[in-house]
Amino acid sequence: MNGSIRRSARAKVNLRLKVFGREEGGYHSLETLLLRLDLADSLSLTTEPGGIRLEVGGEERDGVPTAEANLCWRAAELFYAAAGNRPAVSIRLEKRIPPGSGLGGGSADAAGTLHGLNELHGCPLSSPALLEIASELGSDVPFCLSGAPFALGWERGRRLLPLAPPPPRPVLVIVPCFAIPTAEAYGWLGEERAAGSRPRDAATLLPPPGRLSDWTELARLAENDFEDPVFQRHPELAGGKIALVAAGARIGLLCGSGSAVFAVFDDERARAEAIDALSPSTEFRLIPTRTAGPDAPGG
Ligand code: C5P
């Protein structure tokens, strides 16, 4: 089948990220609230004989692999293997989501590739088969594939309860000049726990799903277990969070396992004031965006 397809691959933030015990296979069990942002990469997939080709452009392309190490490539490989077809696609990826920042850009790109390839090739794979591949690619990929703007996730991120998103709010993401590899952040968290510096929480009793779409409730639940170990090694990120909250953010949190920090504001004016307050002296790049509304397009 010949053709071309375009996909938006949206970033995510974790409004809550609790990490529990290590499961079989070395991955940790999670409890997380995932919310999409408007900030997105764009993907263009074109069927073309001769294997997989990947071209990366866009303002955030630095440090993004252009071959097998890119999650898009791996997603394409796994897709064609499962579909029983010879790989035949040219992928053009425009990066706007900073890599290694905890915003799930690579996962969104992989989910967009899976979804797009399936459509391009006449849907040879069922939703459960796509989910299987997504889980293999990474913890955030099933959420990105689901198309849900907001969800509660458990285990390795594979079990998801889609939720009605809270009303869209302005967001400011602050990005340092370094990335944090996810596996490294898990290692730091493990060291902190082995040293017994903080008791590990048990699974939380969350409020009923209906209450999770309310910003007041979300501000109460906002928490990220990676903050302690990451902030210890990068105190400037703790400083960034404090500055955002001091400038009027309702929520300020580390993005996933880092390295970016995001802040949610009540309105555009509050965010504009925070940008004015931070801009003159900040060492971070500032990326304004919004939380996704109920009509966020999928994959
Ligand atoms: O899921 P993702 O591929 O982004 O994870 C990268 C690494 O982070 C994994 O290889 C693993 O070391 C660690 N990880 C973990 N438990 C999770 C998710 C990731 O230990 N639930």
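Modeller: Helices (H or I, at least four residues) and strands (E, at least two) are DSSP runs, numbered from the N terminus. This is a predicted model: local features need pLDDT of at least 70, side-chain atom pairs count only at pLDDT 80 or more, and totals for chains, interfaces and linings use all residues. Residues are numbered from 1 along each chain as its sequence is written, and side-chain values use heavy atoms, with hydrogens and water left out.

Colleague: Let us begin with the ligand. Which element gives the most to the shell around it?

Modeller: Around the ligand stand Gly26, Tyr27, His28, Leu30, Gly138, Ser139, Thr182, Ala183 and Tyr186, each with a heavy atom within 4 Å of it. Strand S2 (28-47) and helix H5 (182-194) each supply at least two residues of this shell. Three residues, the most from any element, come from H5.

Colleague: How many Å separate an oxygen atom of the ligand from an N or O atom in the side chain of His28?

Modeller: His28 has its place in strand S2. It also belongs to the shell around the ligand. The gap between the ligand oxygen and the side-chain N or O atom of His28 is 2.7 Å.

Colleague: And what is the distance from a backbone N or O atom of Ser139 to an oxygen atom of the ligand?

Modeller: Ser139 is another member of the shell. Here the backbone of Ser139, rather than a side chain, supplies the N or O atom. Its distance from the ligand oxygen is 2.9 Å.

Colleague: Is His28 buried or exposed?

Modeller: Buried means under 20% relative accessible area, exposed over 50%, partly exposed in between (1.4 Å probe, protein chains only). Beyond four places in sequence, His28 touches Val19, Phe20, Gly21, Arg22, Glu23, Glu155, Arg156 and Tyr186, where contact means heavy atoms within 4.5 Å. With a relative accessible area of 16%, His28 is buried.

Colleague: Glu155 is on that list. What is its phi?

Modeller: Glu155 is found in strand S5 (residues 150-155). At 35% relative accessibility, it counts as partly exposed. It is not a glycine, yet its phi is positive, at about 50°.

Colleague: Which side chain forms a polar contact with the side chain of Thr32?

Modeller: Thr32 sits in strand S2 and is buried, at 3% relative accessible area. Its side chain reaches the backbone oxygen of Arg16 at 2.8 Å. A polar contact is a pair of N or O atoms within 3.5 Å; within protein, one must be able to donate a hydrogen and the other to accept it, and residues adjacent in sequence count only if both atoms are side-chain atoms. At 2.8 Å, the side-chain partner of Thr32 is Asn14.

Colleague: How many Å separate the C-alpha atoms of Asp140 and Glu23?

Modeller: Asp140 lies in the loop between helix H3 (127-137) and helix H4 (141-146). It is partly exposed, at 21% relative accessibility. Its contacts beyond four places in sequence are Lys12, Leu34, Gly104 and Ser107. Asp140 and Glu23 are 117 residues apart along the chain, and their C-alpha atoms are separated by 17 Å.

Colleague: Now helix H9. Which elements do its buried residues pack against?

Modeller: In H9 (residues 268-278), the buried residues are Ala270, Arg271, Ala274 and Leu278. They share one side of H9 because they cover an arc of only 95° around the axis, taken from the directions from the helix axis to the C-beta atoms. The face turned away carries the exposed Arg269 and Asp276. The buried residues pack against strand S7 (170-175), helix H8 (235-246) and strand S11 (285-290).

Colleague: How far apart in space are Phe265 and Val171, C-alpha to C-alpha?

Modeller: Phe265 is found in the loop between S10 and H9. It is buried, with a relative accessible area of 0%. Its contacts include Ala270, Arg271 and Ala274. Phe265 and Val171 are 94 residues apart in sequence, and in space 6.1 Å.

Colleague: Where does Cys123 lie?

Modeller: Its phi is positive, near 55°, in a residue other than glycine. Cys123 is partly exposed, at 49% relative accessible area. Its place is the loop between helix H2 (105-120) and H3.

Colleague: Last one. Which residue does a cis peptide bond join to Gly258?

Modeller: The omega of this bond is about 20°.
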